[in-house]
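Please keep the sequence and the model in view while reading.

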Amino acid sequence: MERPNDILLQQRIRDLIARQPAGHSMLREFYTDEEVYQVDCEAVWRRGWLFAGHSCEISKPGEYFTLEVDTDSFIVTRDGNGQARAFYNVCRHRGSLICDESQGHVNRLVCPYHRWTYDLDGSLIYAPGMQDDLDKSALGLQPVHIRETCGLIFISLANEPPAFDPAHTVIETVAKPQGLVSAKVAKAVDYLVKANWKLVWENNRECFHCNANHPQYIKANFDHYNADDTTPRIREQISAAVHRSETKWAAAGLAVSHKQAGMTSFPDAERNIWYSANRTTLVDGFVTESMDGKQVAPLMGVYADNDVGTLRMRTLPNFWNHSSCDHGVSTRLLPKGPQLTAIRVWWLVDQEAVEGRDYDLSRLMPFWQLTSEQDWEICERQQRGVNSRAYAPGPYSTYKEYNVDAFVRWYLAQLRTKQP
Ligand code: FES
Ligand SMILES: [Fe+2]
């Protein structure tokens with residue numbers, strides 16, 4: 001039943017949506033307000049599919065990792081049958097967290113408080129000290145939906161999640177050759193970024209800022225060139241690279257799926273397309289997204305040659321990945337508050353690769369570590385500006401910020417369907 005406060009909040013959100021000027025950055029409240037943040041948690045984070053982690057992080061039964069979405073903690077593990085499982089990390093006795101490590105390996109999930117013990121499929125198998133007639137079958141861990149595709153694990157907190165199969169099809173078509181399913185984590189780094197999660201996404205959805213902020217990134221990539229600033233020389237470079245790649249990759253079954261200047265269009269707000277994957281070319285001289293463009297780890301997946309360009313994936317609201325011939329880099333966002341986002345960045349290499357022999361973190365990491373940290377600084381600086389009373393929504397460039405605009409429209413559509 002709706003309470004008066006719910007109705008007031010719904011009215012407030014409807015008013016905000018109505019006041020949001022088209023083609024402009026959002027009203028301050030969307031980036032700062034506690035109530036809007038709570039609505040985001042319900043309308044976006046507790047409804048869609050969230051990237052949780054990688055299959056290789058739970059390759060054996062009993063391996064687990066935890067993650068937090070707002071104030072909810074989750075356990076992601078693999079049961080004895082090899083099935084990935086996800087549960088609320090909350091004991092059914094008196095509510096203690098069960099796992100407080102970020103990852104580990106167990107035979108059973110044992111609550112540290114009074115030792116209630118759960119099987120890896122979530123069922124309660126042992127409840128010491130309790131009366132004989134306790135109905136253990138009704139006290140299993142609360143499950144959440146989980147799907148694995150191409151080595152990526154997604155969870156949904158919704159009772160009835162949106163269809164996952166379309167995302168699976170798109171990701172599998174483009175990403176399967178990368179072999180993330182047989183990868184290992186070379187390194188993961190956690191960040192707490194003092195910015196609303198939407199500012200982090202908006203930053204990700206344009207490369208307008210790349211020339212001024214990402215000296216490493218722009219050496220390897222073409223996506224900072226847009227329709228208004230490509231020269232004939234750059235257009236020739238892009239089409240030569242696309243033509244050469246298409247001819248060469250066709251035999252290997254790798255499709256070039258982004259061929260122009262500018263970033264590939266994503267998301268599709270009108271059709272609610274929250275997933276996408278594409279392969280594009282790198283600048284000549286770069287076979288991977290490393291500082292000098294040279295290979296930094298053994299080839300991954302089925303690649304027989306290091307000239308495979310770059311695979312890009314992204315799923316709203318919380319994941320993107322750039323993968324090259326030799327390594328992949330995944331980024332996951334999790335909401336922590338109106339102005340706080342927990343971000344993890346993973347570097348993945350082939351599971352057989354040995355650190356020190358086949359790769360060094362000092363060569364593997366800097367390209368995306370620098371680029372990521374440059375972005376987090378940008379987002380925090382923007383948040384501080386947005387917090388000022390002088391902030392007002394500013395106009396987007398139709399040449400360079402079409403994806404930011406699409407993201408805002410996608411986001412507002414999520415709120416609208418939650419606030420009819
Ligand atoms: S709260 Fe978990 S066993 Fe008591
Ligand atoms: Fe950036």
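This is a predicted model: local features need pLDDT of at least 70, side-chain atom pairs count only at pLDDT 80 or more; totals for chains, interfaces and linings use all residues.

Residues are numbered from 1 along each chain as its sequence is written, chains are lettered from A and ligands numbered from 1 in the order in which they are written, and side-chain values use heavy atoms, with hydrogens and water left out.

Helices (H or I, at least four residues) and strands (E, at least two) are DSSP runs, numbered from the N terminus. Strand S3 spans residues 72-78, and seven of its seven residues are buried. Buried here means under 20% relative accessible area, exposed means over 50%, and partly exposed lies in between (1.4 Å probe, protein chains only). Asp72, Phe74, Val76 and Arg78 point one way from S3, while Ser73, Ile75 and Thr77 point the other way.

Two strands pair if DSSP finds at least two bridges between them. S3 pairs in the antiparallel sense with strand S2 (residues 63-69) over six bridges, and Phe65 stands opposite Val76 in S3. The hairpin of S2 and S3 has two residues between the strands. One residue of the loop between S2 and S3 is Asp70, whose phi is near 55°, a positive value in a residue other than glycine. Asp70 is buried, with a relative accessible area of 9%.

On strand S4 (residues 84-88), S3 has an antiparallel partner joined over five bridges. Thr77 stands opposite Arg85 in S4. Five residues lie between S3 and S4 in their hairpin, and Gly82 in the turn has a positive phi of about 85°.

Ser73, in S3, counts as buried because its relative accessibility is 8%. Contact means heavy atoms within 4.5 Å; leaving aside residues up to four places away in sequence, Ser73 touches Leu67, Glu68, Phe87, Tyr88, Asn89 and Leu97. Ser73 and Ile234 are 161 residues apart in sequence, and their C-alpha atoms are 48 Å apart in space.

**Cavities and pocket**

Spaces are found on a 1 Å grid over the protein atoms alone: a cavity is a set of points where a 1.4 Å probe fits but cannot get out, a pocket is an open set with protein on both sides within 12 Å along at least five of seven lines, and lining residues have an atom within 4 Å of a point. Grid points are joined across faces, edges and corners, and a volume is the space filled by probe spheres set on the points. The structure holds two cavities of 30 Å³ or more.

For the lining classes, Ala, Val, Leu, Ile, Met, Phe, Trp, Tyr, Cys and Pro count as nonpolar, Asp, Glu, Lys and Arg as charged, and the others, Gly among them, as polar.

| Space | Volume | Lining classes |
|---|---|---|
| Largest cavity | about 270 Å³ | eight nonpolar, eight polar, six charged residues |
| Second largest cavity | about 140 Å³ | four nonpolar, eight polar, four charged residues |
| Largest pocket | about 330 Å³ | eight nonpolar, four polar, seven charged residues |

The largest cavity is lined by 22 residues, and Asn204, Tyr217, Met263, His322 and Trp368 lie nearest its centre. Helix H10 (366-387) is among the elements that each supply at least two lining residues, and the largest share, five residues, comes from H10. For the second largest cavity, helix H8 (232-250), strand S12 (275-280) and S13 each supply at least two lining residues.

**Nonpolar cores**

A nonpolar core is a set of buried Ala, Val, Leu, Ile, Met, Phe, Trp, Tyr and Cys residues joined through side-chain atoms within 4.5 Å. The largest has 111 residues, and Phe30, Val76, Ile155, Met313 and Tyr411 have the most contacts inside it. Apart from this core lies another of 14 residues, including Cys91, Tyr118, Ala127 and Leu139.

**Backbone geometry elsewhere**

Phe266 and Pro267 are joined by a cis peptide bond with omega about 0°; Pro267 is in the loop between H8 and S12. Asn272 also lies in the loop between H8 and S12, has a positive phi near 50°, and is partly exposed at 36% relative accessible area. Another cis peptide bond, with omega about 10°, joins Leu316 and Pro317, and Pro317 is in the loop between S13 and S14.
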